[in-house]
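Q: I'd like to learn how to read strand pairing, aromatic pairs and a nonpolar core in a model. Can we walk through them one at a time?

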Amino acid sequence: TQVFTLLETVYHAFDEIAKRRRVFKVETVGDCYVAVAGLPEARRDHPLVMARFATECLRKMTQLTKQLEVQLGPGTADLSMRIGLHSGPVTAGV
């Protein structure tokens with residue numbers, strides 16, 4: 001329940017950032033948020049867009065964990081986030 005509250009809050013904030021920056025959210029898998037820039041329509045600035053998206057998400061995560069510490073308990077603000085970026089061709093299938 002605490003993990004759900006944390007992830008729901010953080011993912012909602014990331015969704016808002018993605019919408020504003022025109023980043024496409026592919027999916028969330030557990031505690032992994034997958035997003036792309038340049039899909040489904042190509043963008044020349046996709047590396048810059050994703051770097052800025054990632055930086056803003058990191059700042060928002062820090063802000064939210066500090067705010068949620070009262071509700072979710074001590075140590076919540078100590079949580080960290082790992083970010084990975086890839087640039088290049090994409091292959092996908094259903």
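A: Start with the strands. Strand β1 (residues 24–29) and β2 run antiparallel and are joined by 5 bridges. Two strands pair if DSSP finds at least two bridges between them; strands themselves are DSSP runs of E with at least two residues, helices are runs of H or I with at least four, and both are numbered from the N terminus. Keep in mind that this is a predicted model: local features need pLDDT of at least 70, side-chain atom pairs count only at pLDDT 80 or more, and totals for chains, interfaces and linings use all residues. Residues are numbered from 1 along each chain as its sequence is written, and side-chain values use heavy atoms, with hydrogens and water left out.

Q: What do β1 and β2 form, and which residue is the bridge partner of Val29?

A: They form a hairpin with 2 residues between the strands. Val29 has Cys32 in β2 as its bridge partner, and Gly30 in the turn has a positive phi of about 60 degrees.

Q: How is a pair of aromatic rings described?

A: By the distance of the centres and the angle of the planes. Rings of Phe, Tyr and Trp (its six-membered ring) pair if their centres lie within 6.5 Å; planes under 30 degrees apart are stacked, over 60 edge-to-face, and the rest tilted. This structure holds 4 such pairs. In one of them, Tyr11 and Tyr33 have ring centres 5.6 Å apart and planes at 50 degrees, so that pair is tilted. Tyr11 lies in helix α1 (residues 2–21) and Tyr33 in strand β2 (residues 32–36), so the pair ties together parts 22 residues apart in sequence.

Q: Is Tyr33 buried or exposed?

A: Tyr33 is buried, at 16% relative accessibility; buried means under 20% relative accessible area, exposed over 50%, and partly exposed in between (1.4 Å probe, protein chains only). Tyr33 also pairs with Phe14: the centres are 5.4 Å apart and the planes at 90 degrees, so this pair is edge-to-face. Phe14 is buried too, with 4% relative accessible area. Tyr11, Phe14, Tyr33 and Phe53 form one aromatic cluster.

Q: How many residues does the largest nonpolar core have?

A: A nonpolar core is a set of buried Ala, Val, Leu, Ile, Met, Phe, Trp, Tyr and Cys residues joined through side-chain atoms within 4.5 Å. The largest one here has 19 residues, and those with the most contacts inside it include Phe14, Tyr33 and Met50. α2 (46–72) is among the elements that each supply at least two residues of this core, and the largest share, 8 residues, comes from α2.
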